[in-house]
Amino acid sequence: MRFIKKLTAFICVAAVAASSLVVNASADEPYIGYNYDWWGDPIPSQNGFVVEDVISGAEMGAVTLAEPNDLFVHNETGKFYIVDTKNNRLVITDESFNPDNIKIIDTLTYSDIFTEADSKIKKTTFNVPMGVYVRTDKDGHTLIYVADSANERVVAFNEDLEIEMEYVRPSSDVYDAQVTYNPNKVIVDSAFNVYVVVPSITQGTVQFSADGTFNGYYGANRVNATAEVIAQQFWKLIYTREQIIAMRRNVSIEISNVDIDEEGFIYTVTETRTSDTDILKKLNPAGTNIFTNLGYDQYTYGDYATRYYKGKNYANAICDVDIDEEGNIYLLDFATGRVFQYTNECDLLFIFGGKGTQKGTFTSVSAVESYKGKVYVLDSRKNSITIFGQTEFGGIVQNAIYLFNEGLYDEAKGPWEEVLRRDANYWLAYIGLGNAYLNQGDYATALDYFYRNSRAGYNRAFKSYRIEVIRANFTWVMTVVLVLVLALIIISYVRKSMAKKKGKKTGGTN
Amino acid sequence: MNFDLDMPAWKWPFYVAKHPFEGFDDLRWKKAYSMRVAWVIVIAFFLISVAKAQLTGFLFNDTYVKVFNIVPYFSSSVILFITWVVGNWSLCTLFDGEGTMKNIFCVSAYALVPYLITQIICIIASNFLLRTESGFMFFFEYLGLAWSVVLMISAMKTVHQYSIPKTLAAMFFTVVAMAIILFLAVLLLTLFQQVFVFGYSIYTELLYRFSI
């Protein structure tokens with residue numbers, strides 16, 4: 001008995017010790033990892049990203065940041081550019097956030113081209129800078145573009161802080177004189193065309209060529225077809241000119257942020273809250289949106305549930321977009337402080353972040369950037385940068401997607417199965433496995449994986465599966481059908497002839 | 001032409017479906033209304049609406065399968081049908097309609113047959129078709145629906161001995177009457193629920209009072 005008691009005690013102690021050894025990584029986060037399934041229901045999931053560190057202005061050696069509004073990471077040099085809006089300066093640092101590597105820019109000088117024209121002004125400062133973009137050409141010449149909002153210009157300067165170009169308000173015959181020009185965000189494509197987001201412009205981004213000439217607008221949003229808009233279209237058929245002019249004009253919602261990927265596609269986001277039109281657009285060079293919900297595609301962005309308040313639906317307020325080197329899309333939701341990570345096909349991968357005051361939550365997010373697998377989120381009220389690192393689970397998912405995008409479907413199968421072992425609710429893993437089996441030619445298994453996970457995948461697998469089944473069974477099915485048809489013809493013929501004979505026998509009554 | 005109308009009761013729904021114009025006249029002439037057949041059709045209507053939700057192929061099925069509740073299917077088939085019959089009868093008795101409740105019930109049920117048949121075809125076909133071939137399915141679906149609507153008009157016209165415009169007006173106002181009936185039913189249900197809650201709270205009050 002004593003021995004058994006001792007043994008039980010030992011087992012209990014061992015069990016307690018073992019349970020304390022199990023580390024629950026997600027329990028440390030101030031947010032609950034979740035994902036969406038095919039039905040659009042949120043389901044708990046493992047975290048793909050966890051907080052690594054929070055860096056304040058003082059820690060990076062820049063005293064205090066004041067309402068920083070934009071963050072840009074230059075992939076080629078690894079430099080971080082932080083727009084410190086209230087302090088009217090640009091802070092340049094790097095991945096390590098080491099105070100020794102910091103560079104603070106608040107004063108610029110005009111290069112010779114400008115000083116000849118206006119020799120009095122040699123130096124200039126920022127006034128409410130809002131956005132930054134950096135691009136290096138093939139000769140290694142780097143230009144920093146800052147959207148200098150209150151100065152009504154986008155200023156492009158080199159690393160010697162010499163201004164090389166200013167993108168100012170276009171002349172009034174092409175740009176409405178009554179509309180303000182306060183650049184908010186800026187991006188530059190590989191041909192050094194400049195796209196400026198101006199909050200007062202609803203026609204899209206303001207596009208300049210490298211020499212500063214205004215090219216027009218690029219990537220306008222559509223008008224959300226609400227009942228009011230449709231009713232107005234009807235009244236326009238009846239109203240007179242004066243009445244139409246007096247009507248409330250329907251304009252699309254302005255673009256709130258832009259980013260450009262390695263291939264030159266431009267992504268725009270719209271922080272609308274009240275409409276779900278064109279929240280994220282991927283624009284080709286012609287300005288056409290690739291992420292349309294035409295056909296059978298169903299792109300959704302941010303959280304699915306909306307809140308209803310005083311006659312209006314309030315949804316996400318996607319305020320920033322970022323594309324990483326692998327083509328993953330990051331959307332930042334101002335309303336909930338969450339970051340949504342998508343694949344290049346816009347399939348949801350992970351959701352992280354949230355509102356709050358703990359590490360990893362935010363009060364007023366302003367920018368998201370990704371660099372070397374880490375995600376950096378700038379908070380304009382906490383005045384800090386939060387660094388998110390990938391978890392092991394996130395790494396496996398990322399690896400599986402990478403393999404799949406490379407066309408290595410069989411190799412992607414292992415990681416996807418590992419994902420399902422860790423989180424059986426992970427929707428994308430089923431689609432990934434379905435695709436793997438589909439590419440192997442195992443259509444029946446592919447159908448099982450796609451069932452209630454992906455209509456597009458199911459449709460593709462079913463098409464091949466159906467052909468396979470028909471090919472395998474065509475001969476005997478057709479034989480049976482032909483025999484049956486023949487039998488029916490013979491039977492009806494026999495019946496008819498018998499009826500005729502009968503008719504002849506009883507005939508003569510009519 | 002086969003004018004032999006002495007057929008069993010279950011053949012009549014198919015006969016009127018094949019003869020949309022004179023079929024109901026024949027039915028009326030032969031007084032071949034069968035409540036048993038009509039009930040079978042109504043129950044089939046209910047079963048088919050459930051089958052449509054549960055057995056339609058994945059590519060065309062939008063039913064939320066995590067929770068399955070049979071009550072909405074029951075109310076959108078059987079209760080809706082009975083409301084139609086009651087609404088139509090209450091309206092048409094006031095406007096010189098000749099149909100009795102039983103007649104209306106029977107002919108309305110018979111008129112549903114093409115819709116139900118095409119629904120079965122669609123449910124089966126949806127398991128074999130791709131999304132790009134959905135046109136075939138929807139063609140059948142609309143064909144059955146249109147056929148049933150034509151039959152319903154013909155049925156109402158015959159059973160009440162109305163002219164076509166009067167039939168259409170009667171059918172429109174039947175829908176209005178249905179809305180009113182359903183509204184009153186919901187109102188009644190809510191009020192009864194309130195009465196029940198009131199009674200129950202008095203009961204609990206008394207329980208507290210006398211328990212000491």
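pLDDT is the predictor's confidence in each residue, on a scale from 0 to 100. With that in hand, chain A averages a pLDDT of 85, and 90% of its residues score at least 70. This is a predicted model, so to speak about its local features takes a pLDDT of at least 70, side-chain atom pairs count only at pLDDT 80 or more, and totals for chains, interfaces and linings use all residues. Residues are numbered from 1 along each chain as its sequence is written, while chains are lettered from A and ligands numbered from 1 in the order in which they are written.

**Confidence**

- Chain B has a mean pLDDT of 92, and 98% of its residues reach 70 or more.
- For the model, ipTM comes out at 0.81 and pTM at 0.81.
- Watch residues 21–26 of chain A, where pLDDT stays under 50; the model has 6 contacts beyond four places in sequence for that stretch (a contact means C-beta atoms, placed from the backbone, within 7 Å).

- A quick word on terms: strands (E, at least two residues) and helices (H or I, at least four) are DSSP runs numbered from the N terminus, and two strands pair if DSSP finds at least two bridges between them.
- One open sheet of 4 strands runs β4-β5-β6-β7 in chain A, with antiparallel pairing.
- Its edge strands are β4 (68–74) and β7 (103–105) of chain A, each pairing on one side only.
- From one strand to the next, the twist in this sheet averages 20° (axes are lines fitted to C-alpha atoms, for helices over the stretch in contact, and angles run from 0 to 180 degrees between N-to-C directions).
- β4(A) and β5 (residues 79–84) of chain A run antiparallel and are joined by 6 bridges; Val73(A) sits opposite Phe80(A) in β5(A).
- Another open sheet of 4 strands in chain A has the order β3-β29-β28-β27, again with antiparallel pairing.
- Here the edges are β3 (49–56) and β27 (365–371) of chain A, and each pairs on one side only.
- The twist averages 20° from one strand to the next here.
- Between β3(A) and β29 (residues 384–390) of chain A there are 7 bridges, and the two run antiparallel; Ile55(A) faces Ile385(A) in β29(A).

**Helix packing in chain B**

- Helix α3 (residues 35–55) of chain B packs on helix α5 (residues 101–111) of chain B at about 50°, with the axes 9 Å apart.
- That angle makes α3(B) oblique to α5(B) (under 35 degrees counts as roughly parallel, over 145 as roughly antiparallel, 65 to 115 as roughly perpendicular, and the rest as oblique).
- Residues of α3(B) that meet α5(B) include Met35(B) and Ile41(B), and among their partners are Phe105(B) and Tyr110(B).
- α3(B) also packs against α4 (residues 71–94) of chain B at about 155°, their axes 9 Å apart, and the two are therefore roughly antiparallel.

**Where the chains touch**

- The contact takes 9 residues from chain A and 6 residues from chain B.
- On chain A, the side touching chain B has 5 nonpolar, 1 polar and 3 charged residues (nonpolar: Ala, Val, Leu, Ile, Met, Phe, Trp, Tyr, Cys and Pro; charged: Asp, Glu, Lys and Arg; polar: the others, Gly among them).

Notes
Contact = placed C-beta atoms within 7 Å.
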